[in-house]
Amino acid sequence: MLRSCAARLRTLGAVPGPARRSFSSEKATQKDYSLPNPSWTKDIRLLYDQFMKKCEDGSWKRLPSYKCKSTQRVQNFRNLFLDTKFVEEQTPKAQIFTRSLEEGLGFEYVMFHNEAEKRVVCVFQGGPHLQGNHGYVHGGAIATMIDITAGTCAVLTGGYAMTANLNINFRRPIPLCSVVVINSQIDKIEGRKYFISCDIRSVDEKTLYSEATSLFIKLDPNSLK
Ligand SMILES: CCCCC/C=C\C/C=C\C/C=C\C/C=C\CCCC(=O)SCCNC(=O)CCNC(=O)[C@H](O)C(C)(C)COP(=O)(O)OP(=O)(O)OC[C@H]1O[C@@H](n2cnc3c(N)ncnc32)[C@H](O)[C@@H]1OP(=O)(O)O
């Protein structure tokens, strides 16, 4: 699947010629986008501070976030599931979708992981370029944030996984530039199947914006290569 995707992009001319960057040189230029920046409102800063306090006893961990992932985990993923040629051609242009918009205009977020509780919480501020209906965050952007929060929960619990199914109920529209809390947790694990539920609430927890259930499948190196 991923091999054929690379071939299609080559045909369309969407990828440049070979450019090599080593793992270590990528890492040296990485900026951590999960740290506060001037676009963050006081709500997201407040929640960030609250979760950072919870991190002090080690029960929660802030997850760093990069535009182009070059962590050891990603390196292992590449080795297991992608062919080398694909990696060499894609690396210079590839970016994490949610980090590809300018600071403050798109997806501003920080995630925290609680290993014991198998939970990932994401504090999310949806910027003006995520507008769907006038004044509200686009449903696709909401789905994206649910997917990466639940996906991170799956990957950190069980290893490399992909979304097989995602069901979302949109209960209330999320105002653009507001801050919401996305809470995901593993409900059940059956072999390679990870069932994860997710909800999105307002900072004061009074408003339920969306709720979702999802199925992630732990990847089998033999079925993708
Ligand atoms: C994902 C990248 C990970 C990168 C890791 C790197 C760093 C990690 C760090 C932090 C985390 C970062 C990011 C967060 C992660 C993800 C967010 C983005 C996620 C995505 O953006 S992801 C794109 C959309 N996603 C796809 O593009 C998937 C297309 N799909 C497939 O590639 C295959 O479909 C696959 C691989 C899913 C399974 O394929 P397969 O061959 O391995 O397994 P198989 O088909 O045998 O299914 C095994 C058992 O699951 C059952 N099953 C399968 N599908 C089902 C369904 N839909 N409903 C109900 N049951 C289902 C079968 O019925 C069988 O059940 P049984 O064993 O009981 O018979």
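Helices here are DSSP runs of H or I with at least four residues, strands are runs of E with at least two, and both are numbered from the N terminus. The model shown in these views is predicted.

**View 1. The loop between α2 and α3 holds K31.**

**View 2. Seven strands make an open, antiparallel sheet.** Walking across the sheet, you meet the strands in the order β1-β2-β3-β5-β6-β7-β4. β1 (61-63) and β4 (161-170) are the edge strands; each has a single partner, so one side of each lacks a neighbour in the sheet. From one strand to the next, the twist averages 25°.

**View 3. β3 and β5 run antiparallel, joined by 7 bridges.** The strands in this pair are β3, residues 119-126, and β5, residues 179-190. In general, strands of a sheet pair through backbone hydrogen bonds. To find your place, look for V121, which sits opposite N183 of β5.

**View 4. Helix α6 lies across the sheet strands β1 to β7.** This helix spans residues 139-158 and runs at about 135° to β4. For those who like to work from annotations, the UniProt record (an unreviewed entry) gives "domain: Thioesterase" for residues 134-207. That span is 27% helix and 43% strand, and its end C-alpha atoms lie 20 Å apart.

**View 5. The largest nonpolar core contains 41 residues.** C122, V123, M145 and I182 touch the most other members of this core. At least two core residues come from each of α3 (42-54), β2, β3, α6, β5, β6 and β7. Helix α6 gives the most, with 10 residues.

**View 6. The ligand is surrounded by 21 residues.** Those closest to the ligand are G151, V155, A164, I217 and S223. α4 (72-81), α6, β4 and β7 each supply at least two residues of this shell. Which element provides the largest share of the shell? Helix α6 does, with 5 residues.

Technical notes. Residues numbered from 1 in each chain as written. Predicted model: local features only at pLDDT ≥ 70, side-chain atom pairs only at ≥ 80, totals over all residues. UniProt positions renumbered as here; feature names shortened; annotations may be inferred. Pairing = 2+ DSSP bridges. Axes fitted to C-alpha atoms, helices over the stretch in contact; angles between N-to-C directions. Contact = placed C-beta atoms within 7 Å. Core = buried A, V, L, I, M, F, W, Y, C linked by C-beta atoms within 7 Å. Buried ≥ 20, exposed ≤ 12 C-beta atoms within 10 Å, placed from the backbone. Near = placed C-beta within 6 Å.
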